[in-house]
Amino acid sequence: MAQIKLSNLRHSYMPTPKGPEDYALKEIDVTWRDGGAYALLGPSGCGKSTLLNIISGLLTPSEGQILFDGQDVTALPPDQRNIAQVFQFPVIYDTMTVGENLAFPLKNRGVDTATIERRVSEIAEMLDVTNMLNTRASGLSPDNKQKISMGRGLVRDDVNAVMFDEPLTVIDPHLKWKLRSKLKELHQRVKATMIYVTHDQTEALTFADEVVVMQEGEVVQIGTPVELFERPQHTFVGHFIGSPGMNVLPCEAKGDRALFEGHEVILEGPTHGDGGRTDLGIRPEYVGFGDTGIPAQVTKVSDIGRHYVVSAMVGNTALKAVTEHSVPEPGSQVFLQFKPEQSRVYRDGWIATEERAL
Amino acid sequence: MRTENQKAWFFVLPVLALVAFNALVPMMTVVNYSVQETFGNNQFFWEGLGWFEQILRSDRFQAALGRQFLFTFLILLIEVPLGIIVALSMPRKGFWVPVCLVLMALPMLIPWNVVGSMWNIFTLPKIGLMGYFLNDVLGINYDMTQQPISAWVTVIVMDVWHWTSLVVLLCYAGLVSIPDAYYQAAKIDGASPWSVFRYIQLPKMKTVLTIAVLLRFMDSFNIYTEPFVLTGGGPGNSTTLLSIDLVKIALGQFDLGPAAAMSLIYFAITLLVSWVFYTLMTKDDAQ
Amino acid sequence: MKKRSLIPILYIAFLMLPIYWLVAMSFKTTNEILSGFSLFPQTFTLENYITIFTDPTWYWGYINSIIYVTINTVLSVCVALPAAYAFSRYRFLGDKQLFFWLLTNRMAPAAVFALPFFQLYSSIHLFDTYLAVALAHTLFNVPLAVWILEGFMRGIPKELDETAYVDGYSFPRFFVTIFLPNIKAGVGVAAFFCFMFSWVEMLLAKTLTAVEAKPIAAVMTRTASSAGYELGLLAAAGTLTIIPGAIVIWFVRNYIARGFAMGRV
């Protein structure tokens, strides 16, 4: 178990990177608490797998350091870092039984037979695979195979961290939640630092204590699921997390007011900086209907079960609102009200309003 | 999932007609000859299974069969491990991959009699590179036309030269199909290079290796042209493999009856061993 | 890394040595060859090649070989395509047995068939024609082509066929305009193997021809026996037989590994 610190990490797949666009990872500085559950969230190609492989030692970063409990491990090969990794596709040794698969990492490290047996049966019990210990691993279903790959990581009691690289990709939807809760349970039992890479917000938000959102090789925000939802630091986070994502509306900003399609909107606090592309960001959950406010025309109403998503046009800009009752008719004129403490201005994507002190 | 459809036979019909024409008619001719005796003039007499008995009991056939098995056994013993080793040490990607593949496949695209001639020229004492090197540089007494040992070594080295690449290419195809994650997982699990081979690479190569062994068995067991051009079966009968002996009897002595009986026995043995491989292979597929 | 690449380098060197020797010999004069050992041609001569390109019996050998190999390749692939489709898509009475029987023909020793083939093709008056050799070679090439193509076709999901039928394609149109482009690589690999085995096979080709369709191999054996040791000429003829194979292999180099695995890995 260890604290993981990434310091000034940069990586490029090219031998001589020229500009920042040649870097798959740009300047990463993160510290992860010992025993925490973290998720790396971002769309495909954002660099999250690269980051994972750097932590596990399968890749050596172009620049920067990786520290486990303050000790520099940047130059160590994977087997000396005491980490475990679960891959997108289950990796099992076909010719071995489930038991032999679980024992393999211990055997390679010369652990004595008694300890191996004890650890394997413990892990098998945790994963509910005790009854399969003597079957050939090649015949198992994908979810059981994936469990075995996890088990191979957990069987060593000295692992610094367990990493998951989109581990639920090949699992049937109805088994996904089962495996996910199993993971959560395992995390509570073994208390290892776990890092979970995914492009699925539900997986990330349900698994992790803290989520690292990445885009184009950069960390855009680190925060708890609530923080990411309530106060996105970047329009990307606002848009990527939440369903539907945050409304990002072109506007002009001055002081603690924004001018959107000619209507004044009160913001959560004063804006700073100026110039650049200026947007107003507000989550659909915080757009309400009233007798006064910003006039809009409803274009579409979709019933998505727990609530309704209303699409509307304000001037030439489309936006969405979420409501549970008082549903307007498509085509009708309504007045929208933006919740001031949830209305923020973003300049070139980054947040540019200050939180009003309470 | 494949669907049941008897009309599929129409798709297979052209293949069936072509192969049946080529396989069945000659096969019937062979069966016909194998049970008859002829003294020329197209007069035939019923002979029953006499030829089969005679062939199976003859020292000549047994000796040829023994040589054939020894040859095939040695070929597999050398080519399969060598092929695996070369495939394992080949680069996985990059500029050199196609270059390696093309160069390695080249021997297989040379007409078989040219392979024989090439090795003949290569091994001639005084004139050939290998013959000169062994005799005049290393001082080993090497003459394929005089010593059976030299002839055997040459025939085997020639086949290794000719066909090891088949094993290499098949194994290589198996190796490149292994996802990177397997190697990464093995690294993390602390597996030794031997464990990686034993538990990842070998199991993944199993199917292609079976195909390789099957093909190498069939082709080495049926080999004719290359050793015939190289040694003509000599010195003496030392490199007279089954096919060479068969052609000698059939076309040389025109003993049609015994030649036909021998053909059928020969074919039956090839078929039997291949069938064992085939069942092993499909059994594994079903799992 | 360096140590590991030594093995393929040594192996390729071993493969290239006899080929180098053949090529080197082809540029030597008969005198030089018989007078003793020389690593490189001392008096570089093109005479052997000139002989081959000016003597019709020589160059017609090549043309004959190329003609029957081409006929065989086209024929084998064309009949194998529908059969492979049937094996990859449908179950039918006796399919497994038929498939195995086809493969057994790949196992038949050519020596077994040499004499019956001679009699068969003589009796239907095809002896000494291109068609005879091309047809005879289908015995082992058609099963091989079916096997390879079936492997590739099995990799194409059945949904492709179903979508095409839903879109109103007739079977022939679907097969030619949609299915074939999808298994291009497979067709290439199958054709390559048919070419290869037809090009290298000599026993049947020699048995089934006399004058008109005589393959280059038969011409070479005649030289070796009648004119004594015309090694330079023999080496030049041999060198020339390597070239078509080398050209063909260069075209399929990216599919080679996959083709050898019959698309079954």
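Two residues are in contact here if their C-beta atoms, placed from the backbone, lie within 7 Å. Keep that cut-off loaded for the whole tour.

This is a predicted model: local features need pLDDT of at least 70, side-chain atom pairs count only at pLDDT 80 or more, and totals for chains, interfaces and linings use all residues. Residues are numbered from 1 along each chain as its sequence is written, while chains are lettered from A and ligands numbered from 1 in the order in which they are written.

**Stop 1: chains B and C.** Select both. At their interface, 81 residues of chain C are in contact with 77 residues of chain B. On the chain C side, helix α1 (residues 2–26) gives the most, with 13 residues. Helices (H or I, at least four residues) and strands (E, at least two) are DSSP runs, numbered from the N terminus. Colour that side of chain C by residue class: 63 are nonpolar, 11 polar and seven charged. Ala, Val, Leu, Ile, Met, Phe, Trp, Tyr, Cys and Pro count as nonpolar, Asp, Glu, Lys and Arg as charged, and the others, Gly among them, as polar.

**Stop 2: a strand pair.** Pick residues 3–4 of chain B and 90–91 of chain C. These two β1 strands run parallel and are joined by two bridges. B:Glu4 has C:Arg91 as its bridge partner.

**Stop 3: the largest nonpolar core.** Such a core is a set of buried Ala, Val, Leu, Ile, Met, Phe, Trp, Tyr and Cys residues joined through C-beta atoms within 7 Å. Buried means that 20 or more other C-beta atoms lie within 10 Å of the residue's own, again placed from the backbone. The largest core has 156 residues; B:Cys171, C:Ala80, C:Val146 and C:Leu149 have the most contacts inside it. Its largest share, 17 residues, comes from helix α7 (residues 130–154) of chain C. Now centre on C:Ala80. Beyond its neighbours within four places in sequence, its contacts include B:Val15, C:Val142 and C:Ala190.

**Stop 4: chain A.** Its 358 residues are 41% buried. Show the cartoon: there are eight helices and 22 strands. The C-alpha trace spans about 75 × 45 × 40 Å along its principal axes.

**Stop 5: chain B against chain A.** Here 15 residues of chain B are in contact with 19 residues of chain A. On the chain B side, α8 (180–188) and α9 (193–221) each give two or more residues. The most come from α8(B), with six.

Note on methods. Buried ≥ 20, exposed ≤ 12 C-beta atoms within 10 Å, placed from the backbone. Pairing = 2+ DSSP bridges.
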